[in-house]
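Me: I'm new to this one. Please walk me through it, starting with the words I'll need.

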Amino acid sequence: MLSAILSKSSCAACKFCCSFRRQSLWEAPLFPPEVVEKLSKPNEYGVVGEFCNGKIALGPYHTENPEEEVQCTFLDPRKGCILKGEDKPFDCSIWPLRIMDKEGELVIALTPTCPSIGKVPTQELIKLLQKGLGEKIFRYAQAHRYIIKEYREGFPIIYL
Ligand code: SF4
Ligand code: SF4
């Protein structure tokens with residue numbers, strides 16, 4: 001979550017972005033190879049993850065209901081994400097922002113499904129991006145291109 005803007009208490013009560021329906025598995029977090037290696041073995045968190053091409057492998061689903069959600073392996077339902085900052089995917093730390101490729105151009109877009117972000121004035125978000133976060137996201141994405149998602153309709157672009 002974008003902790004500079006979102007309140008920890010509303011995120012703790014929500015946890016929407018740490019749970020995935022089948023159709024939102026494309027959003028499941030991608031981890032850098034060194035973190036995958038660490039979290040695939042017994043580790044300090046006491047939770048071993050399964051990964052596929054850097055993405056946390058989630059499931060199984062237990063019903064045919066497309067609304068069924070499965071939680072991220074590293075979510076504690078009471079405390080939230082158990083990972084420390086250095087092991088948390090960059091994607092998760094900037095949610096609900098997304099770096100996307102729109103016809104060959106990198107853009108920063110807003111995920112419309114976060115229930116809290118609509119309460120934050122867009123100008124406030126843009127100011128945060130202009131103050132350095134935008135450049136930080138672009139730099140990270142250039143060095144870790146696997147986090148770049150293909151642009152999807154309905155995601156408002158707020159920074160180019
Ligand atoms: S979806 Fe939004 S409000 Fe909910 S936990 Fe994620 S960042 Fe917080
Ligand atoms: S790694 Fe942490 S923040 Fe990211 S989806 Fe899993 S529990 Fe949520």
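Reply: Helices (H or I, at least four residues) and strands (E, at least two) are DSSP runs, numbered from the N terminus. Glu103, for example, sits in the loop between β7 and β8.

Me: What is the phi of Glu103?

Reply: Phi of Glu103 is near 50 degrees, a positive value in a residue that is not glycine.

Me: And is Glu103 buried or exposed?

Reply: Exposed, because its relative accessible area is 77%. The cut-offs are under 20% for buried and over 50% for exposed, with partly exposed in between (1.4 Å probe, protein chains only).

Me: Back up a step. What kind of model is this?

Reply: The model is predicted: local features need pLDDT of at least 70, side-chain atom pairs need 80 or more, and totals for chains, interfaces and linings use all residues. Residues are numbered from 1 along each chain, chains are lettered from A and ligands numbered from 1 as written, and side-chain values use heavy atoms, without hydrogens or water.

Me: What is the mean pLDDT?

Reply: The protein has a mean pLDDT of 91, on the predictor's confidence scale of 0 to 100 for each residue. A value of 70 or more is reached by 100% of the residues.

Me: Next topic, ligands. What surrounds ligand 1?

Reply: Its neighbours are Met1, Leu6, Cys11, Cys14, Lys15, Phe16, Cys17, Trp95, Cys114, Pro115 and Ser116. To be listed, a residue needs a heavy atom within 4 Å.

Me: And ligand 2? What is around that one?

Reply: Around ligand 2 are Cys17, Cys18, Pro29, Cys72, Phe74, Leu75, Cys81, Leu83, Pro89 and Cys92. Cys17 is named here and also around ligand 1.

Me: Why does Lys15 count as buried?

Reply: Because its relative accessibility is 18%.

Me: Now the inside. How many residues are in the largest nonpolar core?

Reply: It has 27 residues, and those touching the most other members are Leu97, Ile99, Ile108, Leu125, Leu129 and Ile137. Such a core is a set of buried Ala, Val, Leu, Ile, Met, Phe, Trp, Tyr and Cys residues joined through side-chain atoms within 4.5 Å.

Me: Which elements give two or more residues to this core?

Reply: They are α3 (90–94), β7 (97–102), β8 (105–110), α4 (122–143) and β10 (157–159). The largest share, eight residues, comes from α4.

Me: Pick Leu97. Where is Leu97 found?

Reply: Leu97 is part of strand β7, and Leu97 counts as buried because its relative accessible area is 1%.

Me: How far apart are Leu97 and Leu128?

Reply: They are 31 residues apart in sequence and 12 Å apart in space, C-alpha to C-alpha.
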